[in-house]
Amino acid sequence: MLRIIRMVLFTGVSLYSFIGIFLVLKFLVNFKRYDELEKRVVIDSFAMSMIIIMIVNLTQLILVLIMPIGFQSLISSDSLVTGSGSHIDSFFFDCSVFGLTYMIRRYHFGLMKKRYILLIIIYIFLIVSMTTIYNY
């Protein structure tokens, strides 16, 4: 049961990270076309993402220092290379954090409706659940 929950969580974060990657690329290509509000949303999203990522990394560092030898962190930069399914790749995690903070900031500034955020999360959950159940 724990394995299924872990697979759903990891697959969901990986899938959601593609939204973050797409948003970053879209921002880089269309930077000059954005108005001041949209630029502020993107810059705030980058700042919030950086703070969240630093907190998560600091927490992992503290856990590695106080836990017994052999403790493996949840977010790792070598999970794609080693093929380990028990870690979230750090690049995917960073992109998913940015995608989530970007959507939250867009909602905060009135550029996105709440139902669109919920629909995206529901679609990702359904896709991940169906693929996980099919593969299990």
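Rings of Phe, Tyr and Trp (its six-membered ring) pair if their centres lie within 6.5 Å; planes under 30 degrees apart count as stacked, over 60 as edge-to-face and the rest as tilted. This is a predicted model, where local features need pLDDT of at least 70, side-chain atom pairs count only at pLDDT 80 or more, and totals for chains, interfaces and linings use all residues. Residues are numbered from 1 along each chain as its sequence is written, and side-chain values use heavy atoms, leaving out hydrogens and water.

**Exercise 1.** Find how many aromatic pairs the structure holds, and classify the one formed by Phe 46 and Phe 98.

Solution. The structure holds two aromatic pairs. Take Phe 46 and Phe 98: their centres are 4.5 Å apart, with 20° between the planes. This pair is stacked. Now place the rings. Phe 46 is in helix H2 (residues 36–66) and Phe 98 in helix H4 (residues 90–108); helices are DSSP runs of H or I, at least four residues, numbered from the N terminus. The two residues are 52 apart, so the pair links distant parts of the chain.

**Exercise 2.** Classify the pair of Phe 98 and Tyr 102.

Solution. The centres of Phe 98 and Tyr 102 are 5.9 Å apart. The angle between the planes is 25°, and the pair is stacked. Both residues are in helix H4, four residues apart, so about one helical turn separates them.
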